[in-house]
Amino acid sequence: MLKHTPLYDTHRAAGARMVDFGGWEMPLHYGSQINEHLAVRRASGMFDVSHMRVVDLAGPGSLEFLRHLLANDVGRLKPGRALYSCMLRPDGGVIDDLIAYRVADPGATDGADYRLVVNAGRAERDLAWMQEQRAQRPGDVALRAREDLALLAVQGPAARAHLACAIPRLAATVEALAVFNAASVGGYFVARTGYTGEDGCEIALPAGAAVELWQALAQAGVARCGLGARDTLRLEAGMNLYGNDMDETVTPLESGLAWTVDLRAPREFVGRGALERQQSAGPLRQLLGLRLLDRGVLRAHHAVRTRQGDGMVTSGTFAPTMDCSIGLARLPAGVNPGDEVAVTLRAGPASALVCRPPFVRNGAVLV
């Protein structure tokens, strides 16, 4: 039996095409995936991301626990700030990527000191790993999976203005909120984060209030968007997708995520030793972007032939903003942006240009 978010009936009533996404029945699109994509680039769009899991941490041991658990250092976070990080195995493989928030007002989040948002398909694995790590360390830490919350994302150059119009009591907070900051207002946890390469907010709120917010946003002119547009937007923005561009068999250093690993602070985190050994030896693989020069569409698992050896496309799609096909690919060391490579499509070999993501950011084509 597929799981449903609090907005399931609302999606069906709006004519969404529903699909199985990691055990959740979610909207793929509401008619035109390309129109939804372009709405986010040009104005604003909203996504139901309630299948993702919020995990709250509370207690005096929370900080040191997270400094041990994550490759990025939450010790640098001031109240209200957020960061992106990977959670690793001892061998450096990526268990999941997530956003960690230091809560500015624990009283407004039922006592949480830190809040994590993890991927839907990894939630059970993540929670089991966190519990296992907590059991091995001293310190008072309480973990709480917040299945009582819904999550909505509002993205695009007009997203914050439309959100303020839909919920006037959020207007002052949304206007003042800096990038990668979060604040609690009247039961809403509003973060200026997102997965599209555009401005906007992600909002955690009580599940029972999700339909009201969704409808208010629609009335304010925010386009309904499904998973299809979410994927093309994130790929144009050069953002990794767990299970495609990284998993437990690769490290952040091989996945374009070295910037999320903090080796400066003298702290022992899970996987640090493996990353330091790999860094010393030099990574054998790297994640770079591809822009197809010939006709066709790049897809995951397409083989890539380079002068330095073979690689593989990890994510690929048609990019509506760019009117061409793009992808991310794991390529041998020594391949550089500007190189031309051959990709084996279904119809035969095609030429592609290696580039450094992002492809699009804030509506502007960068490559």
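F189 counts as buried, at 7% relative accessibility. Its ring and that of Y101 have centres 5.3 Å apart and planes at 90 degrees, so the pair is edge-to-face. The model is a predicted one, and a search of the whole structure finds 2 aromatic pairs.

**Aromatic pairs**

- Y101 is also buried, with a relative accessibility of 3%.
- Because Y101 belongs to strand β6 and F189 to strand β11 (residues 188-191), their pair ties together parts that are 88 residues apart in sequence.
- A search of the whole structure gives 2 such pairs, and one of them is formed by Y84 and W259, which are stacked at 5.7 Å centre to centre with 25 degrees between the planes.
- W259 reaches 60% relative accessibility and so counts as exposed, for which the cut-off is over 50%.

- I95 is part of strand β6 (residues 94-102).
- With a relative accessible area of 0%, I95 is buried.
- Not counting residues up to four places away in sequence, I95 touches M87, L88, R89, R122, R125, D126, W129, Y242 and E248.
- Between the C-alpha atoms of I95 and T196, which are 101 residues apart along the chain, the separation is 22 Å.

- T10 is located in helix α1 (residues 8-13).
- The relative accessible area of T10 is 16%, and the residue is buried.
- Leaving aside neighbours within four places in sequence, T10 is in contact with V211 and W214.

**Overall architecture**

- The protein chain contains 9 helices and 21 strands.
- Its radius of gyration is 20 Å, close to the 21 Å that the globule rule gives for 367 residues, so the chain is as compact as a globular protein of that length.
- Taken along the principal axes, the box filled by the C-alpha atoms is roughly 55 × 50 × 40 Å.
- Of the 367 residues in the protein chain, 56% are buried.
- Among contacts between residues at least 6 apart in sequence, 66% join residues at least 24 apart.

**Surface and charge**

- The accessible surface of the protein chain is about 15,400 Å², and carbon and sulfur atoms account for 50% of it.
- The protein chain carries 39 positive and 39 negative side chains, and the centres of these two sets are 3 Å apart.

Terms used: Residues numbered from 1 in each chain as written. Predicted model: local features only at pLDDT ≥ 70, side-chain atom pairs only at ≥ 80, totals over all residues. Heavy atoms only, no water. Helix = DSSP H or I, 4+ residues; strand = E, 2+ residues; numbered from the N terminus. Rg over C-alpha atoms; globule rule 2.2 N^0.38 Å. Buried < 20%, exposed > 50% of the residue type's maximum accessible area, 1.4 Å probe, protein only. Contact = heavy atoms within 4.5 Å. Areas by Shrake-Rupley, 256 points an atom, 1.4 Å probe, with all protein chains shown as cover. Lys, Arg positive; Asp, Glu negative; His and termini not counted. Charge placed at Lys NZ, Arg CZ, Asp CG, Glu CD. Phe/Tyr/Trp six-rings, centres within 6.5 Å; stacked < 30°, edge-to-face > 60°.
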